[in-house]
Amino acid sequence: MSAHCMLTGVRPGFGNRISHSHRRTSRRFDPNIQRKRYWLPGEGRHVRLTLSARAVKTLDVIGVEAAVARIRARGVKV
């Protein structure tokens with residue numbers, strides 16, 4: 001599963017681990033990605049969305065129809 005959110009577009013961030021001796025090695029900051037299944041009443045079917053935890057809260061506020069419209073406006077197939 002790719003580590004990016006369909007609604008907000010958040011992707012992994014990159015940086016360095018810094019040890020006690022101050023050596024630097026690469027690391028990755030992954031977003032909290034969840035796969036959720038929602039009922040889409042306008043189309044009479046379920047959709048499975050890959051969302052960050054923040055996007056799940058946003059979806060609860062704006063509703064499934066508006067969220068799917070935003071996702072499709074970004075050019076992501078649902």
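A residue is called buried when its relative accessible area is under 20%, and exposed when that area is over 50%. In this predicted model, the buried residues of helix H1 are Ala55, Val56 and Leu59. Viewed along the axis of H1, these residues fall within an arc of 105°, so they line one face of the helix. Arg54, Lys57, Asp60 and Val61 are exposed on the other side of H1. The buried residues of H1 pack against S3, S4 and H2. Just after H1 comes Gly63, which takes a positive phi of about 95°.

Helix H2 has Val64, Ala67, Val68 and Ile71 as its buried residues. They lie on the same side of H2, because they cover an arc of only 95° around the axis. Their packing partners are S3, S4 and H1. Gly75 follows H2 and has a positive phi, near 95°.

In soluble globular proteins, nonpolar side chains tend to be buried together. The largest nonpolar core of the model has 16 residues. At least two residues of this core come from each of strand S3 (33-40), strand S4 (45-52), helix H1 (53-62) and helix H2 (64-73). H2 gives the largest share, four residues. The residues with the most contacts inside the core are Leu7, Tyr38, Leu49, Leu51 and Leu59. When residues up to four places away in sequence are not counted, Leu7 touches Leu51, Ala55, Thr58, Ala67, Arg70, Ile71 and Arg74.

Charged side chains were examined next. Side chains of opposite charge can pair when their charged atoms come close. The model contains three salt bridges. One of them joins the side chains of Asp30 and Arg28, with an N to O distance of 2.8 Å. Arg28 has a relative accessibility of 43% and therefore counts as partly exposed.

Glu43 takes part in a salt bridge with Arg45, in which the closest N and O atoms are 2.7 Å apart. Glu43 also forms a salt bridge with Arg72, where the closest N and O atoms are 2.8 Å apart. Arg72 lies in helix H2 and Glu43 in the loop between S3 and S4, so this pair ties together parts that are 29 residues apart in sequence. Through shared partners, the salt bridges join Glu43, Arg45 and Arg72 into one network. Glu43 is partly exposed, at a relative accessible area of 38%. Arg45 is likewise partly exposed, at 31%, and Arg72 is partly exposed at 37%.

Technical notes:
Residues numbered from 1 in each chain as written. Predicted model: local features only at pLDDT ≥ 70, side-chain atom pairs only at ≥ 80, totals over all residues. Heavy atoms only, no water. Core = buried A, V, L, I, M, F, W, Y, C linked by side-chain atoms within 4.5 Å. Buried < 20%, exposed > 50% of the residue type's maximum accessible area, 1.4 Å probe, protein only. Contact = heavy atoms within 4.5 Å. Arc of directions from axis to C-beta. Salt bridge = Lys/Arg side-chain N within 4 Å of Asp/Glu carboxyl O.
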